[in-house]
Structure formats: C-alpha cells, structure tokens
Amino acid sequence: MRPDYDLLVVGGGLAGNCLALALKDTGLKIAVIEANTRAQLEASPAGDRALALAAGTVSVLEGLGLWQGVSDKATAIKQIHISDRGHFGKTRLSAQKQGVEALGYVITARDIETHLAGQVAQSAIELLSPARVVGLMAGENEINVSLKRGEESLNLSAKLLVGADGGNSSVRKLLDIKQQVIDYRQTALVTTVKSALPHNNTAFERFTASGPLALLPIAKNRSAVVWTRTDEEAEALMLGSEADFLGDLQRCFGYKLGELALTAPRRAFPLSLIRAESMCRDRAVIIGNAVHQLHPVAGQGFNLGLRDVVQLAAVLTQAVHEHADIGAADFLKQYAAARLKDHDRVIGFTDTVVKIFSNDWLAVAAARNIGLTVLDHLPAAKRMLAGQAMGLADYLPKLANKG
Ligand SMILES: Cc1cc2nc3c(=O)[nH]c(=O)nc-3n(C[C@H](O)[C@H](O)[C@H](O)COP(=O)(O)OP(=O)(O)OC[C@H]3O[C@@H](n4cnc5c(N)ncnc54)[C@H](O)[C@@H]3O)c2cc1C
C-alpha cells in the first residue's frame, strides 16, 4: 500500500518550511507538521530575535525564490566592527573593500518566518497544525507517525520523515539519537535600541569579560542587540529596571553610536551547544537546530541550517529524478556524509570564539588583541574572517584577488 505522504516535515520553522518549499515543485506529496498555530508563533517573544544572515545564505534564499518577498524588511551590513572592551585590539571589515554589495543582512526572525509560512500556505504543501509528533515506527517501505491534535490522535505514514523541530527536537528523542550538550551558563539578552548617531549599516561585535555584545543594524536607525552575559548577570539585568539595563548596556558598548534608547522589551535566551551524534536513522533524518543548536555569538545557526536544507533538497531531488525511494538508507547516508565537515567546522569555530572571547585571563586577552590588531593589518586574514561572516568560506579562493 502507498504511504499517505512522500515526505512529512516535522517543524514549520525556518529549516522545515525552507525544505518543504525547496521541494514543492518535485511532485512529492509533502506535509508540514507544526506544533503551534500561526497566531501563537507570531505572538511568541522568540520572534523578536534578529538574525544576521550571511550573503551566501541570502543568495540561496534568492535562488529558492524565498527572499524576494521579504528583502524590503532586511537591512544590509556594509561594515563589521569588531573590538575588545578594555583592550586595544580591533578590526574592521568592509563590503566595499571585499568587493561585495553587502557582508550580510539583518532581519527579524518573525518577519522571515511569517514570510515563509505565507509561501507554504500558497503552495500545495499541506500544513497539519497545531499537531505534535508523539510516536514513530519505521517499517521496510514507510515510516509510521503518530500525531496528537488536541485530544485527537492521528496516524500517518510517509516514505521519509524529516525532523526540523528545533533544539528540543521530539523527533531526535523518538529516534533515540544521542546528543552532546555544553551548557555555556550564559544567556543571550535580546532587545532593540535607537541611537543618537547613525549606524551607517555597521554591525558591531564587542567582546567583553563576561561575554560578547552585538549591535546589528536595522531600519529607522535602530540596532538589534544580542548581549551575552553569564546566567546570573542576565537574571539581574532582566529583573532590574529598564534604566539600569540601558545604563549597563551603554557602559559596555560605549558611545560610538552616541546615546542609546531602548525601543523594545528585553528578552532572555539561555544558551547551550547541542549536537546530535547522528543525522539519520531508518527513514528519518534531522536537520537545522534539531541537529545543531549553536551559541549565537557568530550568528551561524540558521546559516548552517539552510545549508542542511540545500544539501538534503539536492539529494532528494536526485532520488526523484532516478524514480528511487526517497527514504532509502543510501540517500540519507549520502546526505549525512556530505554535511559532516561543514557541521564540524562551524561548531568548532563558534565554540572557539565563545571560549577565547569569554576569557579575561590576561594572556588570552593579550593574544586575542594581538590577533585582532594583526587581522586589521592583514588583508588575507581579514578576507578569511569576512568569508566566514558572509558564509563564503568555501569560496575564498575566488575572493583572493579582491582588495
Ligand atoms: C538570541 C538568538 C540569536 C540568533 N542569531 C542568529 C543569527 O544572527 N544568525 C543565524 O543564522 N542564526 C541565529 N540564531 C539561530 C537561529 O534562530 C536558529 O538556528 C533557527 O531559528 C533554527 O531554525 P529551525 O527551523 O531549525 O528551528 P526552530 O526555529 O526552533 O523551529 C522549530 C519549529 O518546530 C516546531 N516544533 C517543535 N517541536 C515540535 C513537535 N514536537 N512537533 C511539531 N512541531 C514542533 C516549533 O514550534 C518551531 O516552529 C539565533 C538564535 C538565538 C536564540
């Protein structure tokens, strides 16, 4: 008997919806299962987080036709200014010097999530929401999925199930895939500020003794703040008054943008590194945050997740062209093998940045300051950092001859 669907995608967030949309013209029968209603997702404070998208990510979204309808809500990053509070090192990256239009773009998560959900609603992709996956059982030709929709229970089958259900993935747990977790004991504080001086499309990344502070340029001369503090400091900053919070933020950032004023509520996101020990198992594969939840210091989470989407969509499209079974182990293994190196590289890079820049021990501080100062004078090293920031690390040789 034919399964109910070719592909069931669990999680209608950034990764899940991008994957479903990337495959919408393949002829596959696809459904997205999302635990929350659209209204709940749009009201969620998590939607306030600003995402820095690498230029490479935006090119991919453009290629999928998913950027055109939302690009007016994004702000281009033309410069990146990296500095170390209380120390001398700093470096600047410029789109103009790298010979590119922008080093990246900043967009509020809610804006891009809402846009993608709208695209899903206009397509033939089915949306099962609100519904949660509560059980999985793989057979030889299909995977059986038990869902809870309020009080109602539902059983569906598909050739392949993709878990794109975020850092706390139920699919990962139901597949019994083990995970490594590093609790950084840090919390990201997220808000928006308006500055007295124009940001001129500059993203600031300032490293402080207790963690990094990023100000990302957004519309109307506002900047999205992602401020990482220890859990204890973050709790005190959340419990204290807005005036105390702003005072601390201004002291930490300085006056490069003049006086800052808060224009949005403060939100807190506890931070940990979660990495699944494998990406696939019997007719199921996990992608995005379900496989790797990163510290936001280097802004790599969705950038990495979108590369999962692109690779998986390519493997599944190839299977469709070959009239093959999209849930066959060979395709899933091929996908997992292709993604491993990128995961290792980005997770290693992010974890190193967290450790080096959270440490105020004098020798480490001196080393990183020398590093930042040297970087500011070495075009090749700067190109590498810019390449990482733009998600173009794999294409660096092509940039090598640009100033
Ligand atoms: C403060 C902060 C700043 C960040 N900054 C950046 C940045 O600058 N650049 C960047 O690239 N990344 C950034 N990230 C990371 C980025 O937000 C994530 O990588 C991205 O949202 C992950 O997308 P996802 O679709 O994999 O998971 P999610 O966004 O978590 O989506 C998962 C979806 O699955 C649904 N779901 C969960 N459980 C179930 C279930 N059992 N059944 C059905 N549905 C379910 C959820 O409701 C949700 O809609 C940041 C993250 C944080 C916290």
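Visitor: Which polar backbone atom is 2.7 Å from an oxygen atom of the ligand?

Guide: A polar contact is a pair of N or O atoms within 3.5 Å; within protein, one must be able to donate a hydrogen and the other to accept it, and residues adjacent in sequence count only if both atoms are side-chain atoms. Here the backbone atom belongs to alanine 52. A backbone N or O atom of alanine 15 lies 2.9 Å from a ligand oxygen, and a polar side-chain atom of serine 170 lies 3.1 Å from a ligand nitrogen. This is a predicted model, in which local features need pLDDT of at least 70 and side-chain atom pairs pLDDT 80 or more, whereas totals for chains, interfaces and linings use all residues. Residues are numbered from 1 along each chain as its sequence is written, and side-chain values use heavy atoms, without hydrogens and water.

Visitor: What should I look for in the largest nonpolar core?

Guide: In soluble globular proteins, nonpolar side chains tend to be buried together. A nonpolar core is a set of buried (under 20% relative accessible area, 1.4 Å probe, protein chains only) Ala, Val, Leu, Ile, Met, Phe, Trp, Tyr and Cys residues joined through side-chain atoms within 4.5 Å. The largest one here has 71 residues, and Leu61 and Trp67 are among those with the most contacts inside it.

Methods. Buried < 20%, exposed > 50% of the residue type's maximum accessible area, 1.4 Å probe, protein only.
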